[in-house]
Amino acid sequence: MGVCPSARMAMLRDNFTGLLRLWARPDVLTCTSWGAPIIWDGTFDPAVAQQEALQQNLTIGLTVFAVGRYLEKYLARFLETAEQHFMVGQRVVYYVFTELPAAVPRVALGPGRGLRVERVVRERRWQDVSMQRMRTLHEALHGRLGREAHFVFCMDVDQHFRSSFGPEALAESVAQLHAWHYHRPRWLLPYERDARSAAAVAPGEGDFYYHAAVFGGSVAALRGLTGHCARALQRDRERGLEARWHDESHLNKFFWLHKPAKVLSPEFCWSPDIGWRAEIRRPRLLWAPKEYALVRD
Ligand code: UDP
Ligand code: MN
């Protein structure tokens, strides 16, 4: 059976990028056991990713929560650096969730980029603010955000962009390797181990430990992810349980059950506190120092 020229081109290109990935970074794992690419610097061509995204005429959502003191402390820098580095050249819509819409800083936005502010109720405990994000995102993905975006990234606010975070990161579902845990053996990963929790990951289970500060995917995939996590969080709450790392524990359970289509290397969300590592070539997001005494009650 003949293969049409455009399909043949696509096959050649996919094989080529597959090889490029292996050759470019022999120092790191560039493919998961289920065949998903792990994106490291040098394993992709940013110009090709940019061109493919432009051809699809995408709108990319970026959600961020800034509740309580996280707003004045982190939001301006997060948005200003996103303007410099996040999906530059694509159509982008930021969704800022806060209890104080009037306090959202006015950041000058580039062409094709918009910002929407959504009011949320301020939960009393910081853990509840963090966990409640899954329910709120789920609702947003069934509302305007879900109608106007094709792909969405959901991020923590206590970080800023340092270099390009572009369409190479897009896929049906995207998980972020946790900077502190990517080199650790599986038995040391901080999954929820209490079998009563909906987030429980048994010994011998789990692929990687993913960071809840960055995850993304198509609207449909994220509706599934946030719905799963919101229900699991609710089930635990009804039983008087709280998973070890809150929403992150449930996210890790979800990605164990539903493998991500793409995995981002720790270069995409790096903690400067870890110090120098040969394999970390170009950090794209940097964690802010953990100043919990200042931002948490
Ligand atoms: N958050 C917030 N206000 C709070 C607690 C959390 O806005 O009082 C949001 C914010 O986007 C933050 C995210 O929830 O980045 C996750 O919380 P945090 O960053 O403190 O968790 P960690 O990264 O330390 O696990
Ligand atoms: Mn954080």
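Biologist: How many cavities of 30 Å³ or more does a search of the whole structure find?

Modeller: This is a predicted model, in which local features need pLDDT of at least 70 and side-chain atom pairs count only at pLDDT 80 or more, while totals for chains, interfaces and linings use all residues. Residues are numbered from 1 along each chain as written, chains are lettered from A and ligands numbered from 1 in written order, and side-chain values use heavy atoms, without hydrogens or water.

The search finds one cavity of 30 Å³ or more (on a 1 Å grid over the protein atoms alone, points where a 1.4 Å probe fits but cannot get out; a pocket is an open set with protein on both sides within 12 Å along at least five of seven lines, and lining residues have an atom within 4 Å of a point). The largest cavity holds about 70 Å³ of space (the volume filled by probe spheres on points joined across faces, edges and corners). Its lining consists of Thr63, Phe65, Arg133, Met134, Leu137, Cys154, Met155, Asp156, Ala212, Phe215 and Asp247. By class, seven lining residues are nonpolar, one is polar and three are charged (Ala, Val, Leu, Ile, Met, Phe, Trp, Tyr, Cys and Pro are nonpolar, Asp, Glu, Lys and Arg charged, the others, including Gly, polar).

The largest pocket has a volume of about 870 Å³. Among its 41 lining residues, Asp156, Asp158, Lys290, Tyr292 and Arg296 are the closest to the centre. H4, S8, helix H7 (246–257) and helix H8 (292–295) each give two or more residues to this lining, and H4 gives the most, four. The lining of the largest pocket has 20 nonpolar, eight polar and 13 charged residues.

Of the 14 residues around ligand 1, Phe65, Val67, Tyr70, Tyr292 and Arg296 come nearest (a heavy atom within 4 Å counts as near). Helix H4 (residues 126–141) gives this shell its largest share, four residues; the shell comprises eight nonpolar, one polar and five charged residues. Oxygen atoms of ligand 1 make polar contacts (N or O pairs within 3.5 Å): 2.9 Å to a side-chain N or O atom of Asp158, 3.0 Å to one of Lys290, and 3.1 Å to a polar backbone atom of Val157. Taken alone, ligand 1 exposes 510 Å², of which the protein buries 90% (Shrake-Rupley method, 1.4 Å probe).

Definitions and conventions:
A polar contact is a pair of N or O atoms within 3.5 Å; within protein, one must be able to donate a hydrogen and the other to accept it, and residues adjacent in sequence count only if both atoms are side-chain atoms.
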